[in-house]
Amino acid sequence: MAILALGLVIFLGLHSTRIVSESGRDKAIARLGEGPWKGIYSLLSVIGFVLIVWGFAEARWDAPLLWAPPVWARHVTILLMLFSMILLAAYGFKRSHIAVAVHHPMVWSVAVFGAAHLLANGSAADLLLFGAFLIWALADLFSSYARDGRNAVAYPSPEWGATIGAIVVGVVLWGVLIGGLHLWLFGVSPLAM
């Protein structure tokens with residue numbers, strides 16, 4: 001699980017810049033320039049993500065089982081993932097009622113994703129992967145809401161067209177995932193019992 005842990009440290013560490021130091025990103029951009037910063041950030045993010053995928057693929061089959069999730073947990077996970085995909089889609093629809101209400105829909109999507117997958121999976125590799133994403137998302141939400149308050153961020157008025165768009169796109173994403181994409185990508189069907 002060392003490869004998985006390394007990938008998580010790189011990927012989530014990079015995405016924690018504003019959690020740890022609100023001005024850290026700005027200082028790095030000032031020192032390196034925006035183009036080089038984005039290039040380095042993107043390259044390291046891809047490396048971290050590849051290590052996460054590779055590490056989890058290796059660890060998931062041999063990782064000790066810490067708990068045996070009940071059958072109902074899979075059904076709850078499928079439902080929670082519907083909400084996660086709608087939240088993810090709301091990130092692209094900034095004027096949706098969803099985005100305006102939660103302010104950080106993508107991070108909420110990651111939190112729901114992590115919690116949902118912890119509910120249905122009980123190995124040490126699952127705990128490391130999904131637990132890390134859940135903890136990161138909660139820390140990011142806490143930091144983001146505090147930053148929004150300090151900066152008196154004003155959010156736009158919600159629009160029904162954007163809300164409907166977020167829901168439709170989210171439901172389509174969810175349908176594609178449970179309809180076969182999850183099986184193709186990860187070798188596990190969410191619908192298998």
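Select L8 first. Beyond its neighbours within four places in sequence, L8 is in contact (heavy atoms within 4.5 Å) with G13, I52, L128, L129, A132 and F133. This is a predicted model, in which local features need pLDDT of at least 70, side-chain atom pairs count only at pLDDT 80 or more, and totals for chains, interfaces and linings use all residues. Residues are numbered from 1 along each chain as its sequence is written, and side-chain values use heavy atoms, with hydrogens and water left out.

Together with L8, they touch the most other members of the largest nonpolar core, which has 22 residues. A nonpolar core is a set of buried Ala, Val, Leu, Ile, Met, Phe, Trp, Tyr and Cys residues joined through side-chain atoms within 4.5 Å. Buried means under 20% relative accessible area and exposed over 50%, with partly exposed in between (1.4 Å probe, protein chains only).

Now show α1 (2-14), α4 (34-59), α7 (105-120) and α8 (124-150), each of which supplies at least two residues of this core. Helices here are DSSP runs (H or I, at least four residues), numbered from the N terminus. The most comes from α8, with 10 residues. Then select I98, A99, V102 and V112, which are among the 9 residues of a second, separate core.

Move to α3, residues 24-32, and pick G24, A28 and I29, which are buried. They lie on the same side of α3 because they cover an arc of only 135° around the axis, taken from the directions from the helix axis to the C-beta atoms. Their cover includes α2 (17-20) and α4. Turn to the other side of α3 to find K27 and A30 exposed. Finish at G33, which follows α3 and has a positive phi, near 100°.
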